[in-house]
Amino acid sequence: MTTATIEPTDGRGPRVRALDLAQRYGVYAALAVLLAVATSLDTQFLSGSNLRVQLFQTAPTLLVSLGMALVIGTEGVDLSVGATIALAASIIPLYLGYGPVLAIGLALLMGAVAGLLGGAMVAFAGVQPIVATLALMIGLRGVAELLNGDAAKPVLDATVLGLGENTLLGVPVMAWIAAAVTLAVGFTVRRTTFGRQLVAVGDNKRASLLAGLPVQRILVTVYVVSGVLAALAGVLIVGHGAEADPANQGLDMELNAITAVVVGGTPLTGGRVRVLGTVAGALFMQLATAVLIQHNVPASTTQIVEAALICLAVYASRDRGTR
């Protein structure tokens, strides 16, 4: 008597498992390799002063990326975050005369309003997220420049500058803020009913509607959160640069955030939010850019590298998107 053994012929099982591992842990491995290479090229790369500089640069991108991860988790995208940064920046010098708390509060409020508009178009009007937020991206940048004019305006308020330049225990204040937001977003996604509903909506909106989930409210909420986090990033950028420049601040931030989220393992097809992966993705993108700049690599080459990373990340997540 012989025993027949059936072997897989298409190799799909091992391939899918390999892609799953790449999606889950690829960004951490890539970050470790990048740090090893950067350290071998420059022994001062991991010095305290250089790490502080990288944290200053990463914190705003991380804040925007966390909001973007929530939106992408619902199978959406928010292209308006860069313009929302510009809008928040334009608000700060306009209302600093009434006190920094009011100016910062209004900047965050405008971010919430921008997110509310985008979320309402997606949730209630049925507009595709890329179209709704593209329209907002154009409109909000125009409003920001209209409010603040073409020239950059100096911001010398101690509170705003403190948020962007001060350190606490040797770590930038803005990095502490980004860490607190990361913990809040991670807790929300993993431990709350809203987080589970968000993932369910991204996985299958129709099934979520039939199950009685408040799909429209969830969609609006994630876009509002994205807008507020983008506005907060705008406040920190103004504080760090000591000026408001709506014509230039926030440019390409939406692409950086999408890249960090996708590289971090959150699929563009929704249904999953990887918060720690997003943090690692933002760090990887910032450190990779820093290494390239420190070694005088042209900006065009940096963009090509970013494009290649996006393609690799999308390829790694494509089987997840086949439903």
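**Exercise 1. Find the volume of the largest cavity in this predicted model, and name the helices that each supply at least two residues of its lining.**

Solution. 
- Start with the volume. The largest cavity has about 30 Å³.
- Next, count. One cavity of 30 Å³ or more is found.
- List the lining. Met 285, Ala 288, Thr 289, Leu 292, Thr 302, Val 305, Glu 306 and Leu 309 surround this cavity.
- Sort by type. The lining splits into five nonpolar residues, two polar and one charged.

**Exercise 2. Describe the largest pocket: what is its volume, and which helix gives the most to its lining?**

Solution. 
- Take the volume. The largest pocket holds about 860 Å³.
- Look towards the centre. The lining has 28 residues, and the closest to the pocket centre are Thr 61, Leu 251, Asp 252, Asn 256 and Glu 306.
- Collect the elements. Helix 2 (48-73), helix 10 (215-241), helix 11 (253-263), helix 12 (275-294) and helix 13 (299-317) each give two or more lining residues.
- Pick the main contributor. Helix 13 gives the most, with six residues.
- Sort by type. The lining of the largest pocket has 16 nonpolar, ten polar and two charged residues.
- Link back. Glu 306 is among the residues closest to the centre of this pocket, and Glu 306 also lines the largest cavity.

**Exercise 3. Turn to the surface. Which residues form the nonpolar patch, and is Val 143 buried, partly exposed or exposed?**

Solution. 
- Name the members. Leu 94, Tyr 95, Tyr 98, Leu 102, Val 143 and Leu 147 make up the patch.
- Together they have about 530 Å² of accessible area.
- Helix 3 (81-95) and helix 5 (129-148) each supply at least two patch residues.
- Focus on one. Val 143 sits in helix 5.
- Apply the cut-offs. Buried means under 20% relative accessible area, and exposed means over 50%.
- Conclude. Val 143 has a relative accessible area of 37%, so Val 143 is partly exposed.

Terms used
Residues numbered from 1 in each chain as written. Predicted model: local features only at pLDDT ≥ 70, side-chain atom pairs only at ≥ 80, totals over all residues. Heavy atoms only, no water. Patch = residues over 30% accessible without salt bridge, like charges linked within 9 Å, V, L, I, M, F, W, Y side chains within 5 Å. Areas by Shrake-Rupley, 256 points an atom, 1.4 Å probe, with all protein chains shown as cover. Salt bridge = Lys/Arg side-chain N within 4 Å of Asp/Glu carboxyl O. Helix = DSSP H or I, 4+ residues; strand = E, 2+ residues; numbered from the N terminus. Buried < 20%, exposed > 50% of the residue type's maximum accessible area, 1.4 Å probe, protein only. 1 Å grid on protein atoms, 1.4 Å probe; cavity = no way out; pocket = protein on both sides within 12 Å on 5 of 7 lines; lining within 4 Å. Points joined across faces, edges and corners; volume = space filled by probe spheres on them. Nonpolar A, V, L, I, M, F, W, Y, C, P; charged D, E, K, R; others polar.
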